[in-house]
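Q: Could you go through this structure with me, starting with the contacts between chains?

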Amino acid sequence: MNTRGLRSQLKDSVPVTGMGPQVGAYGVQDTLRSGFSSVKNELLPSHALELSEKNFQLNQDKINFSNLRNIQGLHAPLKLQMEYRAARQIQRLPFLQSSHLALDTLKGNDESISFEGILNDPAQSEMMGEPHVMVEYKLGMM
Amino acid sequence: MALSNVVETPASGFNFENVSRNVALEGLLEGGHTKAPKPMKTGTTIAGVVCKDGVVLGADTRATSGEVVADKMCAKIHYISPNMYCCGAGTAADTEKTTDLLSSNLTIFSMNSGRNPRVVMAVNILQDMLFRYRGQIGASLILGGVDCTGNHLYTVGPYGSIDNVPYLAMGSGDLAALGILEDRFKPNMELEEAKQLVRDAIHSGIMSDLGSGNNIDICVITKQGVDYIRPYQESEYKDKRQRRYKYRPGTTSILTEKIVPLELEVVQETVQRMDTA
């Protein structure tokens with residue numbers, strides 16, 4: 001992989017959550033939870049598609065909402081985003097599997113199949129998170 | 001297995017966790033001399049021609065993995081919908097999966113809307129998907145079909161480029177096949193003439209390219225239906241394998257024979273009546 005090419009893009013890149021060092025409480029590297037830090041691993045994503053795939057859904061939504069705003073005015077995307085926010089809250093506790101049915105129907109994902117539906121199905125993930133830890137993380141207590 | 005450091009359920013879709021490990025492994029394997037195994041490519045010749053009554057697609061049947069022929073009877077013409085078929089060149093798994101996904105999406109669409117999908121819709125879905133993955137999915141596809149707007153033939157490149165043309169060849173043998181097509185193609189050909197032209201184009205690809213070979217498959221799509229001829233022409237170089245390696249009785253001669261009768265005596269006899277109605 002040509003690392004030089006990616007370095008030149010770093011200046012204008014959009015800051016991505018989860019790519020930087022994992023800060024815990026007190027603003028330092030959280031060694032207990034995320035392991036030892038390595039500058040090389042955090043500076044450059046290892047695969048060409050990692051960054052773009054992480055942000056793909058967000059960017060698509062941004063494009064669609066901005067198009068909608070230009071065509072139909074401000075109220076259309078506002079109302080849609082309100083519905084998304086409401087549908088996103090219909091789920092079980094963080095460590096249980098939720099179907100996200102309302103959210104999928106709103107987004108139109110119930111009528112299409114992509115790699116998100118085939119690969120790495122969360123319902124069949126091999127790792128189970130510890131329930132207390134996951135709920136605390138969700139509520140922002142961690 | 002409960003791990004306390006998993007704070008969120010992993011997202012579905014592609015997982016890039018092992019990429020840095022793989023890069024490190026390749027460097028470690030015998031000091032960089034051994035490489036990871038190559039995925040099976042189709043290294044192929046595929047061609048398509050639009051004729052008066054429909055579309056004719058053709059493909060060879062060889063799949064290579066490095067320098068070895070991995071599959072001598074590989075099916076490269078994939079079903080998309082009752083009125084559309086797609087030939088795929090490039091990495092074999094990528095073409096299979098991409099055409100499978102496309103076919104599933106179009107089936108859902110046609111069940112929802114009650115219509116047969118159009119070829120432009122399939123092409124747009126493919127283009128969006130392949131461009132999203134920036135060419136990492138190595139699939140060069142020729143999509144041909146007949147719908148309410150006419151007979152169409154499209155090519156989709158691995159980076160998402162599309163082109164709508166009356167005749168086409170892709171794959172490693174495309175230059176040889178294109179030569180034949182450029183020479184003898186005429187608009188609005190008859191069906192038999194188009195089939196012969198596609199056969200000749202694939203044949204020249206097989207003869208001139210190492211990555212193409214074995215048999216020729218032809219798929220004819222018309223308004224009335226689809227005729228998938230597999231194989232249209234078999235290669236002359238067939239291996240004569242018996243597939244039965246059992247020895248016939250009497251191959252080994254019998255030298256001596258000794259029979260020991262087992263003497264049994266009846267100890268108990270019970271009769272149970274069965275009702276057979």
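Q: Which side chain does B:Arg132 meet in a salt bridge?
A: The partner of B:Arg132 is A:Glu116, with 3.2 Å from N to O; a salt bridge here is a side-chain nitrogen of Lys or Arg within 4 Å of a carboxyl oxygen of Asp or Glu. This is a predicted model, in which local features need pLDDT of at least 70 and side-chain atom pairs count only at pLDDT 80 or more, while totals for chains, interfaces and linings use all residues. Residues are numbered from 1 along each chain as its sequence is written, chains are lettered from A in the order in which they are written, and side-chain values use heavy atoms, with hydrogens and water left out.

Q: How many salt bridges cross the interface of chain A and chain B?
A: The rule finds two across that interface.

Q: And which parts of chain A touch chain B?
A: Helix H4 (50-54), helix H8 (115-118), strand S1 (128-129) and helix H9 (131-139) of chain A each supply at least two residues, where helices (H or I, at least four residues) and strands (E, at least two) are DSSP runs numbered from the N terminus.

Q: How many residues are in contact?
A: On chain A 30 residues are in contact with 30 of chain B, contact meaning heavy atoms within 4.5 Å.

Q: Switching topic, at what angle do H5 and H6 of chain A pack?
A: Helix H5 (residues 56-72) and helix H6 (residues 75-88) of chain A pack at about 140°, with axes 8 Å apart; axes are lines fitted to C-alpha atoms, for helices over the stretch in contact, and angles run from 0 to 180 degrees between N-to-C directions. H5(A) is therefore oblique to H6(A), since angles under 35 degrees count as roughly parallel, over 145 as roughly antiparallel, 65 to 115 as roughly perpendicular and the rest as oblique.
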